[in-house]
Each structure stands twice: as structure tokens, then as C-alpha cells.
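These are my notebook entries on one structure. I wrote down what I looked up, in the order in which I looked.

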Amino acid sequence: TGLVVAMDGPSGSGKSSVSRGVARALGLRYLDTGAMYRAMTWWMLRQGVDLADPGAIAARCGEPLIVSGTDPDSPAIHVDEVDVAGPIREADVTGSVSVVAAVPEVRARLVARQREIIGAGGIVVEGRDIGTVVCPGAAVKIYLTASAEARALRRSAELAGSTARAQQEAMARRDTLDSTRKADPLSMADGAVELDTTAMRLDEVIAEVLRLVAE
Ligand code: ADP
Ligand code: CDP
């Protein structure tokens with residue numbers, strides 16, 4: 001069966017850029033599972049579902065049809081045939097996604113979709129629970145980290161009009177929710193290699209992952 005590379009870590013650690021670079025270099029597909037949780041959250045907000053009520057989220061999470069592309073050169077995501085690649089990066093979705101992702105029914109549904117897409121492999125998959133839950137048998141598991149300061153600086157450089165300080169607070173809040181939730185919290189998988197990218201350039205991180213894949 002084909003290679004699966006599992007890439008987990010907190011926000012801004014470099015998962016998307018590294019995963020896409022590795023997939024491109026090896027001619028593999030690429031799956032952004034965070035985009036699927038964001039797409040679910042976008043749909044819940046649009047439907048006016050009360051996000052303070054996990055029962056309401058659980059009751060509705062089977063309704064949207066979330067379709068993810070797997071081309072590392074043009075990541076695509078649609079909800080009920082609407083292209084949501086832009087809207088899922090907006091602040092309202094980012095501010096609510098960890099609450100929606102904490103609901104076990106949401107996770108069960110999206111993990112099932114992710115496993116269908118992974119299929120026989122040949123793919124780099126990024127998220128929070130890929131090495132622990134979605135694909136514990138992945139041949140290569142990477143846990144990317146970087147200091148909170150470095151992660152916030154990277155993110156604020158991407159998003160116009162957000163200061164590093166505001167960014168760091170928002171990211172810290174989301175990281176705490178993601179690592180303390182009951183259902184499949186962010187944690188390092190058995191057999192994962194931890195890569196601290198604080199003092200590394202993107203191309204160095206990609207090269208290091210390619211070296212681990214070749215081992
Ligand atoms: P994640 O998917 O973990 O949230 P991203 O891949 O979106 O992280 O990275 C956030 C930003 O940081 C991007 O603009 C990316 O180019 C930049 N970046 C990623 N890795 C590095 C690195 N090692 N050094 C410098 N910048 C990086
Ligand atoms: O890009 P960033 O790292 O900031 O976030 P993302 O990868 O787009 O993920 C958004 C959110 O989805 C995370 O903060 C988690 O709450 C959730 N998520 C998850 O629970 N499990 C995954 N496998 C991927 C994302």
C-alpha cells in the first residue's frame with residue numbers, strides 16, 4: 001500500500017506549508033483535515049446553530065456535504081458545492097472552530113471521511129490527531145512544534161491587520177482548547193518524531209521530513 005505521512009502539531013507550527021512541500025516533492029496527494037473542521041464550523045455559523053450547545057452541533061453535523069481536494073498545488077474545499085476556501089480562514093470561523101471540533105460526533109463523521117480519502121495511501125495528511133487516531137499505522141509521523149512567539153509572528157505576517165500579540169493570545173486560547181478537550185486531544189503519537197522548527201527555515205524543515213521519509 002502507499003505511503004502515509006502524518007503531520008500533527010499546534011497552529012502556526014508549519015503543518016500546511018511543510019505538508020504541501022513534502023507532497024509536491026514526492027508526488028503525493030495532500031489532505032488538510034483542519035480545513036474540514038473549519039468547513040463544518042463555517043456551515044454551523046451560517047445555519048445559526050447555537051455553538052454553546054454541543055447537543056445542537058452533534059444533531060446537525062451530519063447535514064453538510066464536505067468535499068476536500070487533495071492537490072498540494074491548489075488545496076480546494078467545498079461545502080454543499082460552495083467553494084469555502086476563503087471564508088474558512090476568516091476570524092469568525094477561526095474563533096469558533098475549536099469548540100465545534102471538540103464535539104465527538106463531529107470528529108467521528110470527519111474522521112470517517114478522512115479515512116475514505118486516505119484510502120490506500122500515497123498522501124501527506126495534516127491535523128491534530130492524524131498519528132494518534134486517523135492513521136496510527138502511518139509509516140512516518142511528524143510532530144511539528146515552534147515557540148509560541150515564532151508561531152504567532154508567522155501567522156500575523158500572513159494576516160494583514162493582526163498584531164503578533166493579538167495573534168499569540170488567540171492561538172494560545174485555541175491550542176489550550178485543542179490539547180485539553182476530552183475527544184482526541186492534540187498530543188504526540190507513539191512513534192512520532194518531534195521537529196522544533198523555531199530556528200529552522202521552511203526549506204530546511206521540508207528537507208528534514210524528506211530525509212525521515214527516505215530512512
Ligand atoms: P500550520 O498549518 O501549522 O498552521 P502554516 O504552514 O500555515 O502552519 O505556517 C504558517 C506560516 O508560517 C506560513 O506563512 C508559513 O510560510 C510560515 N512558516 C512555516 N514554517 C516555517 C518555518 N520553518 N520558518 C519560517 N516560516 C515558516
Ligand atoms: O492552520 P491552523 O493550524 O491554525 O488550524 P487548522 O489546521 O486549520 O485547524 C483548525 C482547528 O481544527 C484546530 O484548531 C482544531 O480545533 C481543529 N482540528 C482538529 O481538531 N483535528 C484535526 N485533525 C485538525 C484540526
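Is Ala101 buried or exposed? Ala101 is buried, because 27 other C-beta atoms lie within 10 Å. The rule I used calls a residue buried if 20 or more other C-beta atoms lie within 10 Å of its own, exposed if 12 or fewer, and partly exposed in between, with C-beta atoms placed from the backbone.

**Entry 1: ground rules**

I am reading a predicted model, in which local features need pLDDT of at least 70 and side-chain atom pairs count only at pLDDT 80 or more, while totals for chains, interfaces and linings use all residues. Residues are numbered from 1 along each chain as its sequence is written, and chains are lettered from A and ligands numbered from 1 in the order in which they are written.

**Entry 2: Ala101 and Arg107**

I placed Ala101 in helix α4. Helices (H or I, at least four residues) and strands (E, at least two) are DSSP runs, numbered from the N terminus. Leaving aside neighbours within four places in sequence, I found Ala101 in contact with Tyr37, Val106 and Arg107. Contact means that the C-beta atoms of two residues, placed from the backbone, lie within 7 Å. I also looked up Ala183, which is 82 residues from Ala101 along the chain, with 8.8 Å between their C-alpha atoms.

Arg107 counts as buried because it has 23 C-beta neighbours inside 10 Å. Not counting residues up to four places away in sequence, Arg107 touches Ala101, Ala183 and Asp184. From Arg107 to Ile123 it is 16 residues in sequence and 20 Å in space, C-alpha to C-alpha.

**Entry 3: the two ligands**

Which residues are closest to ligand 2? I noted Ser11, Gly34, Tyr37, Ala101 and Gly127, out of 15 residues that surround ligand 2. A residue is near a molecule if its C-beta atom, placed from the backbone, lies within 6 Å of it. Two or more residues of this shell come from each of α2 (33-47), α4 (91-101) and α8 (164-180). The largest share, 5 residues, belongs to α2. Sorted by class, the shell around ligand 2 holds 4 nonpolar, 5 polar and 6 charged residues. For these classes, Ala, Val, Leu, Ile, Met, Phe, Trp, Tyr, Cys and Pro count as nonpolar, Asp, Glu, Lys and Arg as charged, and the others, Gly among them, as polar.

Ligand 1 has 16 residues around it, and Gly14, Lys15, Ser16, Ser17 and Arg154 come nearest. Here α1 (15-26), α7 (148-158) and α9 (202-214) are the elements that give two or more residues. I counted the classes around ligand 1 as 3 nonpolar, 8 polar and 5 charged.

**Entry 4: α2 against α4**

How do α2 and α4 lie to each other? They pack at an angle of about 105 degrees, with their axes 8 Å apart. The axes are lines fitted to C-alpha atoms, for helices over the stretch in contact, and angles run from 0 to 180 degrees between N-to-C directions. The two helices are therefore roughly perpendicular, a label for angles of 65 to 115 degrees, whereas under 35 is roughly parallel, over 145 roughly antiparallel and the rest oblique. Among the residues in this contact are Tyr37 and Trp42 of α2, and Val97 and Ala101 of α4. The contact has 9 nonpolar, 2 polar and 2 charged residues.

**Entry 5: the cores**

In soluble globular proteins, nonpolar side chains tend to be buried together. I call a set of buried Ala, Val, Leu, Ile, Met, Phe, Trp, Tyr and Cys residues joined through C-beta atoms within 7 Å a nonpolar core. The largest one here has 27 residues, and Val5, Ala6, Met7, Val124, Val125 and Ile142 have the most contacts inside it. Elements that give two or more residues to this core include β1 (4-8), β6 (123-127) and β7 (140-145). Another core, of 23 residues, lies apart from it and includes Ala35, Tyr37, Ile57 and Ile88.

I looked up Asp80 and found a positive phi of about 45 degrees, although Asp80 is not a glycine. Asp80 sits in the loop between β4 (77-79) and β5 (82-83). Asp80 counts as exposed because it has 12 C-beta neighbours inside 10 Å. Glu81 is in the loop between β4 and β5, and has a positive phi of about 70 degrees without being a glycine. Glu81 is exposed, with 7 other C-beta atoms within 10 Å.
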